[in-house]
Amino acid sequence: MSQIFPHKIRIIYIDHQLQSKSAEWGELVAKQATHLNIPYTIQKVQVTDGNLEAQARQARYQAYLQHLQANEILVLAHHQQDQAETVILRLLSGTGVDGLAAMQSIDHRVDMTIWRPFLDLTREQIAEWTTQLEIEYVVDPTNYDIHYDRAWSREELWPFLQNRFPKMQQALSRTSYLMQDASEILEEVLKADLQNCGTDECLDLTQLLKLSSARQRQLLSVWMKGDGQYRPAFEMVERLKNEVIDSKSDAQAALHWNQFYYVRYQHHLYRLSRQVFLAEKLNPVETETEHHFQLGEVVGCASGNFQITQKNMGLSASLLNKKLKIIRRQGGEKVHLYGRVGQWPLKKAIQEAHILPWLRHTIQILVIDNVMLGVFTPKGFWLAQSPYCEQGGWQPDLISYSCNLVNGEDGYDKCSK
């Protein structure tokens, strides 16, 4: 890289602090970088408990992100044997097409782009190259510690298989390329299926269930993955299908995976952030507040921001600047909506308006002297029949939502086509 791009590269060494000599290796990096006149960074990271390999990888990539600039590409030295080992390990873990595609030479991720120029080179070729160029390098002792799956595969399984299949490394590498082709084709099919079935936040189950079982599983898997790096395990997709999608229509089933909650309402499946799904507990609505309304002002309520606007039919101007109460819905209330005959349960009105269950806690009632004037909802203000209704009166007009289906963005009916 220093020969090809002498003025366009930087070096970063991640010290996981897991081995006694890791600081010495950093010194070797600094020595060679200085010799080649390349800027370098030595970054120490803390690896948390758990799966050591996975936690070290996560800490390493978080450190990369801290230093990578918008116009930079991360270059890694994975080689052909690394690729072949990855295919073996993923095959043994029960992965699908995406997993067997293994590492890509150009890997475009949400937060970075990775280039692996050595994927078609063997380890032996690279070692010979370093000898010719007189480059010092380190042999990581954990490469031979068969406590780790990759080292066990390299030290125990690899020689056994290669003795029978001498060209195994090239064959497994070729398999990864074939799987990358298959993955690209599958992605095109899944894009079309997702476009037909909904959005990144919501799926229309009527359309989903028209697909074959295999396409349903694949679509659910990639939908749950979202912007993440990894798809859910096969068992998690099956749980979503069995426990949520196939549950009884009146069941309040929800599945929690990877920081999201998956919930079905009627014929749609939603992916909700923790903030939205648990909003009623995390941000409880006040029992009662008082307000003096004025024309043109914007009033913040639990279900959104409402602007006081003059309408063809609305509340009497005599109520402006008077003390009105906004109370939290308790349940069991009846409402006589303007333009409808007679009272009916507010709960039924909410159901008929298809207000999503996790948003119903934001519904509030506007009253004066125990007279219901209207209802603040995520779908707007509902004017109630009362002695205060008059032509040319005023109403709170919904202008923005306090929360949405998933992550607080504006808009509803995201699944509708």
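Q: How many helices and strands does the protein chain have?
A: This is a predicted model, in which local features need pLDDT of at least 70, side-chain atom pairs count only at pLDDT 80 or more, and totals for chains, interfaces and linings use all residues. Residues are numbered from 1 along each chain as its sequence is written, and side-chain values use heavy atoms, leaving out hydrogens and water. Helices (H or I, at least four residues) and strands (E, at least two) are DSSP runs, numbered from the N terminus. On that basis, the protein chain has 13 helices and 20 strands.

Q: What is the radius of gyration of the protein chain?
A: The C-alpha trace spans about 95 × 50 × 35 Å along its principal axes. The radius of gyration is taken over C-alpha atoms, and the globule rule is 2.2 Å times the number of residues to the power 0.38. For 417 residues the rule gives 22 Å, and the chain is more spread out than a compact globule because its value is well over that, at 30 Å.

Q: Among contacts in the protein chain between residues at least 6 apart in sequence, what percentage join residues at least 24 apart?
A: Contact means heavy atoms within 4.5 Å. Among contacts between residues at least 6 apart in sequence, the share that joins residues at least 24 apart is 60%.

Q: Is Ser 22 buried or exposed?
A: Ser 22 lies in helix α1, residues 22–35. Buried means under 20% relative accessible area, exposed over 50%, and partly exposed in between, with a 1.4 Å probe and protein chains only. Because its relative accessibility is 7%, Ser 22 counts as buried.

Q: Which residue's side chain is joined to that of Ser 22 by a polar contact of 2.7 Å?
A: Leaving aside neighbours within four places in sequence, Ser 22 touches Tyr 13, Asp 15 and Gln 17. A polar contact is a pair of N or O atoms within 3.5 Å; within protein, one must be able to donate a hydrogen and the other to accept it, and residues adjacent in sequence count only if both atoms are side-chain atoms. At 2.7 Å, the side chain that pairs with Ser 22 is that of Asp 15.

Q: How is α9 oriented relative to α10?
A: Axes are lines fitted to C-alpha atoms, for helices over the stretch in contact, and angles run from 0 to 180 degrees between N-to-C directions. The axes of α9 (residues 213–225) and α10 (residues 234–245) come within 10 Å and cross at roughly 105 degrees. Angles under 35 degrees count as roughly parallel, over 145 as roughly antiparallel, 65 to 115 as roughly perpendicular and the rest as oblique. Relative to α10, therefore, α9 is roughly perpendicular.

Q: How many nonpolar, polar and charged residues are in the contact of α9 with α10?
A: Residues of α9 including Leu 220 and Met 224 meet residues of α10, among them Phe 234 and Leu 240. Ala, Val, Leu, Ile, Met, Phe, Trp, Tyr, Cys and Pro count as nonpolar, Asp, Glu, Lys and Arg as charged, and the others, Gly among them, as polar. The contact divides into 7 nonpolar, 2 polar and 3 charged.

Q: Near what value is the phi of Asn 258?
A: Most residues other than glycine have a negative phi. Asn 258 is in the loop between β7 (254–257) and β8 (260–265), and at 43% relative accessibility it counts as partly exposed. Its phi is positive although the residue is not glycine, near 50 degrees.
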